[in-house]
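Please study the sequence and the model shown here before reading the explanation that follows.

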Amino acid sequence: MSKLSHAQWSSKMAFILAATGSAVGLGNIWRFSYMVGDSGGAAFVLVYLACVALVGLPILVAEWLIGRRGQENPINSMIDLARKSGRMPAWAVVGASGVLAAFLILSFYSVIGGWSLSYTLGSVTGQFSGQDSDGIGALFSGLLANPTALTLWHTAFMALVIFIVARGVTKGLEGAVRTLMPALVILMVILVIYGMTTGHFGEAMAFMFSPDWSAINGEVVLAAMGQAFFTLSLGMGIMMAYGSYLGEDVSLIGTARTVIIFDTVIALLAGMAIFPIVFANGLSPGEGPGLIFVTLPLAFGNMAGGTILGLMFFLLLTFAALTSAISLLEPTVELLEERTPLSRVAATLVAGVAVWALGIAALMSFNVWSELSIAGLNIFDFLDTLTSKFMLPLTGLGAILFVAWRLDRDSVLGELGLSGVQAQLWQVVARVVAPIGVIAVFVYGLI
Ligand code: PHE
Ligand code: NA
């Protein structure tokens, strides 16, 4: 039934744009830079790059393949495919865990989306001009200490997400992604050039790319892998859902490579823009989730044309966050739509309001509930850690095991267009390297 009602992507380009819209977001700029800073720099970056190439790429391909074959929402796709290959519907748990993870992630993602909105306004009103690092830091702590303001911004962001998803105009955003993503890259490059003028660019590059291997421990590796999953939107069934719209003629591996390179370049540019500012102003790289909000405004406040560039940057960041957030809400909405009598609008409202409520709990971590802890973490960090370090990798592991070990080998290789040495390489990476990588990181990280 859903096979017929399921339209396909108008073109390969439309699919790439949608996948890029989901992948590129706060994860590349906000989360990547603060994780690098928290985890001590280059060692994290290099492990991260290895995770993206050896684990992220095969899992992205696996998710698209499952989605394209299943032609349905992630849970049903996994059940159908498992049945067809004579396997247990237990694989459906993998799909369900993904939908839950997307739901949990959106709750705190929206809080940061709200910060980005707030900084868009802050740029317009010229709040950052001429401020030094103390002034910028005070603005940010002021925002964090104010639960009402945080709630308003979080609400505004979620309202935008709900509005777009309820109207089902997600596809209309492709055109915007096409123009705004390159604009974001250009702005990042301008910021990197600004970083070069601070006199601390070399220090920043060494911090990001010259590893102190002794800094590597289980925690760093687990964090790097979690970041790889988060930034590529993996382990949530989101890429699976996109795969269900994908025509037979699209090359999964080639497309995965394109999306991954783009996502990675934006993250690296973000780091190269932010760390020179950190060192030039004597800030701490381990500032935490506020890192981009206490560094970038310093650049905008002190460079020629900074007001307009700052406005453009935070607008683009908000837009990138929105396209990712939409993809995070979509799985829950689809599930409710298919499994309950709710209409699309009602399903979106129910899902959106539930996410919003959880987001309120997350934002209280920065003020009234800062002392409250679960497993030693505040609510915000708990949601982030639970999802990115545990749920996503485990779900992604399920997806790759399913494709590499359960589906018919020859048909998978045929679908990926692989033969000879390339086929062998895929077999080794998909069957052994990626799964063992995920499992090893867990074992190592937990000990
Ligand atoms: N990949 C997005 C980012 O980097 C975040 C995201 C995660 C979006 C999971 C969808 C699903 O910001
Ligand atoms: Na990303």
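Which helices each supply at least two residues of the shell around ligand 1? They are α2 (12-23), α3 (26-38), α6 (92-124), α11 (218-231) and α15; helices here are DSSP runs of H or I with at least four residues, numbered from the N terminus. The model is predicted, with local features needing pLDDT of at least 70 and side-chain atom pairs counting only at pLDDT 80 or more, while totals for chains, interfaces and linings use all residues. Residues are numbered from 1 along each chain as its sequence is written, and chains are lettered from A and ligands numbered from 1 in the order in which they are written.

Of the 16 residues around ligand 1, Gly-25, Gly-27, Thr-231, Ser-233 and Ser-324 come nearest; a residue is near if its C-beta atom, placed from the backbone, lies within 6 Å of the molecule. The shell has eight nonpolar, eight polar and no charged residues (Ala, Val, Leu, Ile, Met, Phe, Trp, Tyr, Cys and Pro count as nonpolar, Asp, Glu, Lys and Arg as charged, and the others, Gly among them, as polar).

Helix α15 (residues 306-339) also packs against helix α8 (residues 147-166), at an angle of about 60° and with the axes 9 Å apart. Axes are lines fitted to C-alpha atoms, for helices over the stretch in contact, and angles run from 0 to 180 degrees between N-to-C directions. The two helices are therefore oblique to each other, since angles under 35 degrees count as roughly parallel, over 145 as roughly antiparallel, 65 to 115 as roughly perpendicular and the rest as oblique.

Helix α9 (residues 173-196) and helix α13 (residues 252-280) pack at about 30°, with their axes 8 Å apart, which makes α9 roughly parallel to α13.
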